[in-house]
Amino acid sequence: MDADLRRHAEAARGFMPVEEGMALHDAAAALEVPGPLLEVGSYCGKSSIYLGAAAKGQGRVLFAVDHHRGSEENQPGWEWHEPELVDPAVGRIDTLPWFRRAVHDAGLEGTVVAVVGDSPSVAAAWATPLAFLFIDGGHGDEPARTDYERWTPHVVPGGVLCIHDVFPDPADGGRPPYEQIYRPALESGRFAEERAVGSLRVLRRR
Ligand code: SAH
Ligand code: MG
């Protein structure tokens with residue numbers, strides 16, 4: 001990965017350890033099928049920079065889907081709440097300014113396209129085949145299952161599905177990404193596992 005972009009990715013606010021970010025980047029950089037990339041759950045743009053760097057190198061585009069109001073666990077009183085992300089005028093989290101600034105500073109405005117909205121609503125209108133899909137959105141059972149059902153059919157054969165926060169052992173973290181995305185993807189026979197780094201799983205569409 002380009003050293004400058006890697007520095008920007010590491011400096012960005014967010015929830016993506018370096019090794020997992022690099023694995024995400026490397027999976028995207030090695031794509032051999034045509035098509036754009038799409039991520040569900042951008043937050044302040046950390047994963048967007050790892051993926052955007054790979055997309056830029058290949059002349060692809062990354063669609064970054066997020067309503068930018070935060071997941072359940074980002075809300076006040078929850079474990080992953082960051083008070084400085086609250087828009088005082090609205091009284092709700094707004095990660096869009098942080099995302100926009102991070103993408104700008106990384107020089108990726110021509111590569112990363114923000115799609116601001118609710119994931120199922122965007123998915124319902126989506127028709128473009130995807131070379132790469134990264135799911136890191138809502139981590140409750142229902143949001144995770146919905147992202148699996150609505151987005152994974154768009155991944156082309158030979159394309160990649162990456163899933164974040166996959167914890168096979170309940171002691172390590174919440175289960176929905178494991179139970180509602182990772183397991184169903186493998187059990188469907190449509191995807192085969194290629195790599196596991198931390199809580200990141202890299203699957204290939206058969
Ligand atoms: N990939 C990010 C972390 C994502 S955190 C990183 O590298 O740091 C999860 C994100 O999913 C939050 O920003 C939240 O706003 C978004 N999200 C949760 N449910 C969503 C939904 N239904 N539609 C769109 N975005 C959603
Ligand atoms: Mg995550």
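The following legends describe close-up views of a predicted model.

**View 1. The open sheet of seven strands.** The strands of this sheet follow the order β5-β2-β1-β6-β7-β9-β8, and their pairing is mixed. Strands β5 (112–116) and β8 (191–197) form the edges; each has a single partner strand, so one side of each lacks a neighbour in the sheet. On average, neighbouring strands of the sheet are turned by 20 degrees against each other, with direction ignored. Strands of a sheet pair through backbone hydrogen bonds, in either a parallel or an antiparallel sense.

**View 2. The pairing of β8 with β9.** Six bridges join β8 to strand β9 (residues 200–205), and the pairing is antiparallel. Within this view, Phe-191 stands opposite Arg-205 in β9.

**View 3. Helix α2 on the sheet.** Helix α2, comprising residues 18–29, packs on the sheet. The strands touched by α2 are β1 (37–40), β6 (130–135), β7 (155–163), β8 and β9. The direction of α2 makes about 140 degrees with that of β8.

View 4. Residues 141–151 form helix α6, which lies across β1, β2 (62–66), β6 and β7. Relative to β6, helix α6 runs at about 175 degrees.

**View 5. Two buried cysteines.** Cys-44 has a relative accessible area of 2% and is therefore buried, as the limit for a buried residue is under 20%. Cys-162 is likewise counted as buried, at 0% relative accessibility. A search of the whole structure finds zero disulfides.

Key:
Residues numbered from 1 in each chain as written. Chains lettered and ligands numbered in written order. Predicted model: local features only at pLDDT ≥ 70, side-chain atom pairs only at ≥ 80, totals over all residues. Heavy atoms only, no water. Disulfide = S-S within 2.5 Å. Buried < 20%, exposed > 50% of the residue type's maximum accessible area, 1.4 Å probe, protein only. Pairing = 2+ DSSP bridges. Helix = DSSP H or I, 4+ residues; strand = E, 2+ residues; numbered from the N terminus. Axes fitted to C-alpha atoms, helices over the stretch in contact; angles between N-to-C directions. Contact = heavy atoms within 4.5 Å.
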